[in-house]
Amino acid sequence: MSDMHTTHVDSHTKDHHDHVHGHDEHHVHKDSFITKYIFSQDHKMISKQFLITGMIMGFVGMMLSMFFRMQLGWPNQPNPILETFLGKWAPGGIMDPNFYLTAVTIHGTIIVFMVLTAGLSGTFSNLLIPLQCGARDMAAPFLNMLSYWFFFISSFLMLISLFVETGGASGGWVVYPPLSALPQAAPGSGLGMTLWLFSIVAFVVSVLLGGLNYITTVVNLRTKGMSMTKLPLTVWAFLITAILALMSFPVLLSAGLLLIFDRSLGTSFYLSDIFVSGQALEQTGGSPILFQHLFWFLGHPEVYIILIPSLGITSEVLSVNSRKPIFGYRAMIASLLAIAFLSFIVWGHHMYITGMNPFLGSVFVFTTLLIAIPSAIKAFNYITTLWRGNIRFTPGMLFAIGVVSLFITGGVTGLVLADSALDVNLHNTYFVVAHFHIVMGVASMFGTFAGVYHWFPRMFGRMMNNKLGYVHFWLTLVGAYGVFFPMHYIGLAGVPRRYYNYTSFEIFQGFADINQVISCFAFVGGSAQLIFFFNFIYSAIKGPRAPKNPWNSTTLEWTAPVEHLHGNWPGEIPTVHRWPYDYSLPGREEDFVTQDTPLTEEETKQLEDYKHP
Amino acid sequence: MYMNILLILVILLTILTSFRLMKVFDLAAKLRGKEPYEISESENNMNALLVLLSLVGLSGMFFFLNHKYYHPATMLPNASKHGIEVDKLLHLNFVVISIAFLICQVFLMWFAYKYRYNKKRRAAHFAHNTKLEIVWTVLPAIVLVFLIGKGLIVWNLQMWPENDPNKLTIEIYSRQFDWTARFSGEDKTLGDANFTMISDDNILGVITPETIDRQLAKCRKDLAELDSLLKFSFPNKKKYGELKTARRRKNFQIQRVIEFKNQVKDKKFTTGYDDVVLQQEIHLPVNRTIELQIRSQDVLHSVYFPHFRVQMYSVPGVQTRFTFMPIVTTAEMRDKLGKPTFDYLLLCNNVCGAAHFNMQMKIVVDTQEDWDKWMKGQKTFRAGLMPEVTVPDSATVKADSVPVVTMNNPH
Ligand code: HEM
Ligand SMILES: [Cu+2]
Ligand SMILES: [Cu+2]
């Protein structure tokens with residue numbers, strides 16, 4: 001056993017970067033309210049801003065889903081709740097079909113972009129990259145602040161788009177033109193869609209500013225001794241996520257810009273041979289399929305941009321609470337890199353039946369199934385991390401185990417969809433909805449919760465209430481599986497997604513009851529989030545004070561004092577001597593050794609032996 | 001109104017009380033000397049037990065749903081030739097993923113339960129094991145190669161069927177929010193069509209000499225109307241702009257129609273005469289290769305025949321195709337399912353606007369004889385044109401509208 005851990009205490013003690021920052025003088029500055037809470041350049045404050053904005057957006061996204069679940073469970077039945085909340089969009093308590101589409105569209109957009117991209121990466125990259133790398137702040141704090149404010153603008157635009165006269169965007173979160181390009185084709189494609197597009201433009205700017213910062217910080221601002229192979233997997237995950245974002249979001253921006261041109265300048269990038277509301281449009285020669293290629297070139301990496309930070313958080317939380325090193329640290333990094341690379345060459349699996357050449361389809365089948373291999377490795381490594389651990393079930397830990405469970409459940413159905421021959425009949429059915437909600441939506445949401453419960457003491461200096469955390473977790477788990485597991489079977493029966501109701505089809509009548517059951521599970525899961533919101537707010541204000549290192553964790557963020565300091569450490573930044581997973585080292589009394597603990601003589605000797613046998 | 005205020009008050013009170021209560025609990029815990037981050041052994045065991053229970057729950061749900069829904073009666077019964085292979089492949093995949101799913105969940109949750117915290121034990125410092133890692137990289141790789149192989153064989157079968165000289169070509173045409181189908185008739189060729197030729201009585205924009213003349217006349221009349229409207233000054237800028245745009249588009253359309261008119265000499269445009277255009281319901285012959293040629297008028301739709309395992313996007317500006325063969329007639333399927341009202345359907349499976357959810361067409365699969373009979377009873381495109389063919393196209397054209405065309409035409 002002993003030779004096993006020594007391999008990790010290895011390497012790179014030579015690289016003595018001296019990070020002398022001009023930051024220390026910041027301590028003397030008196031921050032005003034505005035510079036401290038609003039236009040803050042401190043990464044910890046920006047992280048909270050991202051989290052809270054993300055939570056507010058998450059609440060809106062969730063409420064939208066509650067509304068359309070009411071519609072799907074009890075179609076055409078007057079519902080006073082809908083009437084109260086939606087007003088003119090639910091005359092007499094019956095939801096307007098256009099609003100139904102707007103609800104699913106904005107729900108998807110908010111959850112995918114505002115909550116699981118900005119809310120997740122923005123929060124934890126900002127909080128953890130400097131703290132876990134041992135940096136006083138982000139490389140460019142001002143850009144970091146701008147990143148938040150662009151996100152804020154983006155969220156704001158998305159919200160007001162719900163209130164315009166003609167309704168919000170209604171073409172699905174993928175906003176395929178021509179529907180999204182032609183206000184004549186759907187009321188939501190008017191002003192609502194314009195706002196959607198500008199919101200996304202602001203969002204891309206935010207992501208790019210943030211991503212630049214994350215990468216630069218990880219690459220340049222690691223403390224003395226912190227080689228790349230001593231970085232916690234969280235930081236690796238955030239780094240890879242940022243690289244993916246930097247490479248893919250500009251493509252979304254260009255897709256959006258071309259769509260804006262088509263909408264307002266009369267260009268025809270995506271439009272050709274269209275006859276709508278009695279008029280033949282002049283635009284010819286464009287192709288709607290071009291948009292799909294551009295969109296999914298972002299879209300597929302985007303789903304991993306959402307998932308990878310969650311996986312990073314899961315790695316960390318699982319390891320800390322099993323009191324065991326993460327299994328296969330290097331394999332975990334390698335598989336992340338493989339997933340990141342492959343995620344750029346699989347986008348066509350969303351387009352098997354768009355008329356794409358079937359041979360090209362075959363190529364995408366191949367690359368898509370390849371991506372399942374590193375995904376499987378990750379799942380196996382998580383499971384082995386639990387094996388022979390000594391597991392402490394904190395709420396964070398439960399959510400992390402939930403991530404693994406959901407990742408498995410949602411991952412295996414990806415294999416079915418990846419098979420183009422099967423996708424022909426499953427595309428755009430509830431099977432796809434089940435697949436991606438489980439593997440991406442819920443899994444990443446769980447990762448976010450794991451992160452919030454785990455690092456709450458680091459963020460607010462107080463503890464969240466465990467009991468409420470447990471209730472939140474179990475209800476959410478039951479809700480999530482209860483909603484999305486049955487959807488697989490509805491999908492296998494050929495039920496299309498984005499349908500306002502199914503009452504006009506005899507062949508789908510058998511699923512009316514199951515749709516009600518799903519809606520009930522959704523309400524359970526939704527209410528559970530209220531418990532979380534309460535716990536969060538209460539604990540942030542009144543929760544019991546947290547000690548410096550409540551989870552007995554090894555990483556650097558727990559060596560900094562609980563009080564918020566601009567610059568993180570009052571004195572010198574700690575030097576790193578070992579990898580982040582020295583849990584339950586044999587022969588030690590404590591079951592964890594922090595990264596800044598120097599090697600013992602024996603360990604140094606073992607290391608030497610290992611290097612020069 | 002009062003109800004709402006009352007509701008808000010109740011919510012506020014609940015939150016405040018919860019805050020108070022929480023504070024009390026926290027103080028009580030502190031008095032008992034429990035650290036806020038501490039998890040008592042009983043709490044820990046309780047959660048471990050719940051993890052184990054959720055394994056039972058999850059697999060229970062899996063088996064229950066499989067039992068209830070994963071069989072032909074509730075799943076879609078297959079009615080096409082390639083669908084047989086597709087269903088076999090689906091079943092194979094389903095078995096493989098079910099096994100992987102169950103094994104992984106069992107290990108995950110069992111380990112979580114088994115290795116729950118115990119004061120007396122210490123976790124193993126077990127950080128990696130090359131042999132294990134190689135095994136579980138290679139194993140899924142082998143399974144995946146197998147699945148890819150199988151999958152691609154079926155994919156090729158589906159996408160590149162043998163060429164059948166006896167195939168029936170049908171155009172499926174989508175628009176907000178209905179389907180139109182066109183059979184190729186005796187000459188086995190679909191007549192040309194263009195979006196500028198679309199009118200109320202020619203949904204598909206089929207080009208024949210008669211429709212060209214009619215369309216030209218109609219467009220010129222529309223243009224004249226627009227022009228006369230535009231003579232007035234509009235206080236409403238938006239409305240004015242819309243009319244200008246409409247006029248520009250109408251000119252563009254007229255130009256295109258004139259181009260077709262000029263081509264009549266060479267191309268004749270007579271292949272469309274014997275086409276049969278239908279809405280709401282179509283019949284297909286059983287055991288005959290059917291080639292779908294798919295077009296769209298306005299936005300993306302998706303042609304989805306769930307029972308035939310057929311789906312293909314319908315894309316404005318691009319023609320897409322799908323070839324398949326129905327092998328079970330509607331009557332046979334009704335017998336088989338014991339549902340006398342069963343019908344095959346064509347659905348739209350790509351969101352296309354407000355009534356997307358109700359964009360359907362009934363499909364009836366007949367025996368060849370029945371189908372022949374049915375087909376004989378259908379009106380050809382030309383027959384549909386007849387009553388109006390005699391209307392001379394120049395009669396409706398206003399003289400002053402003609403120069404506008406050339407004026408706006410840079411050529
Ligand atoms: C084992 C690996 C995976 C495979 C083989 C796979 C395969 C697929 C395929 C083929 C589709 C297209 C289905 C269709 O639209 O017809 C799809 C959809 C999707 N997948 Fe996966 N997937 C995998 C993992 C993931 C992961 C890890 C995520 C997210 C973190 C994800 C998120 C999504 C999303 C969001 C969609 C649907 C988007 C939409 O149509 O709105 N998938 N997946
Ligand atoms: Cu994808
Ligand atoms: Cu449609």
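**Metal sites, rings and a buried serine**

Trainee: Which residue lies over the face of B:Tyr273, and at what distance from the ring centre?

Mentor: A charge sits over a ring if NZ of Lys or CZ of Arg is within 6 Å of the ring centre and within 35 degrees of the ring normal. In another case of this kind, the charged end of B:Arg116 sits over the ring of B:Tyr113, 4.5 Å from its centre. Over the face of B:Tyr273, the residue is B:Arg382, and its distance from the ring centre is 4.0 Å.

Trainee: What kind of model is this, and how are residues, chains and ligands labelled?

Mentor: Residues are numbered from 1 along each chain as its sequence is written, while chains are lettered from A and ligands numbered from 1 in the order in which they are written. Side-chain values use heavy atoms, with hydrogens and water left out, and local features need pLDDT of at least 70, side-chain atom pairs count only at pLDDT 80 or more, and totals for chains, interfaces and linings use all residues, since this is a predicted model.

Trainee: What arrangement do the 4 donor atoms around the copper ion (ligand 3) have?

Mentor: Donors are N, O and S atoms within 2.8 Å of the metal (3.2 Å for Na, K and Ca), and water is not among the atoms, so sites may look incomplete. Here the protein donors are B:His301 (ND1), B:Cys348 (SG), B:Cys352 (SG) and B:Met359 (SD), lying 2.0 to 2.6 Å from the copper ion (ligand 3). Four donors count as tetrahedral if all angles lie between 85 and 135 degrees. The angles around the copper ion (ligand 3) run from 95 to 123 degrees, and therefore the arrangement is tetrahedral.

Trainee: How many residues apart in sequence are the parts that B:His301 and B:Cys348 tie together?

Mentor: The donor residues of the copper ion (ligand 3) are spaced H-x46-C-x3-C-x6-M in sequence. Strands (E, at least two residues) and helices (H or I, at least four) are DSSP runs, numbered from the N terminus. B:His301 lies in strand β6 and B:Cys348 in strand β9 of chain B, so the parts that they tie together are 47 residues apart.

Trainee: What distance separates the iron atom of ligand 1 from the copper ion (ligand 2)?

Mentor: The iron atom of ligand 1 has a single donor from the protein, A:His435 (NE2), at 2.2 Å, and A:His435 belongs to helix α14 of chain A. Between the iron atom of ligand 1 and the copper ion (ligand 2), the distance is 4.6 Å.

Trainee: Is A:Ser199 buried or exposed?

Mentor: A:Ser199 is found in helix α7 of chain A, and its side chain reaches the backbone oxygen of A:Ser154 at 2.8 Å. Buried means under 20% relative accessible area, exposed over 50%, and partly exposed in between (1.4 Å probe, protein chains only). The relative accessible area of A:Ser199 is 0%, so this residue is buried.

Trainee: Is the aromatic pair of A:Trp579 and A:Tyr581 stacked or edge-to-face?

Mentor: Rings of Phe, Tyr and Trp (its six-membered ring) pair if their centres lie within 6.5 Å, and planes under 30 degrees apart count as stacked, over 60 as edge-to-face and the rest as tilted. By this rule the count comes to 79 aromatic pairs over all chains, among them A:Phe534 and A:Tyr538, stacked at 6.1 Å centre to centre with 20 degrees between the planes. A:Trp579 and A:Tyr581 lie 5.4 Å apart centre to centre, with 75 degrees between the planes, and their pair is edge-to-face.

Methods:
A polar contact is a pair of N or O atoms within 3.5 Å; within protein, one must be able to donate a hydrogen and the other to accept it, and residues adjacent in sequence count only if both atoms are side-chain atoms. Four donors count as tetrahedral if all angles lie between 85 and 135 degrees; four count as square planar and six as octahedral if opposite donors are over 155 degrees apart and all others between 65 and 115; anything else is irregular.
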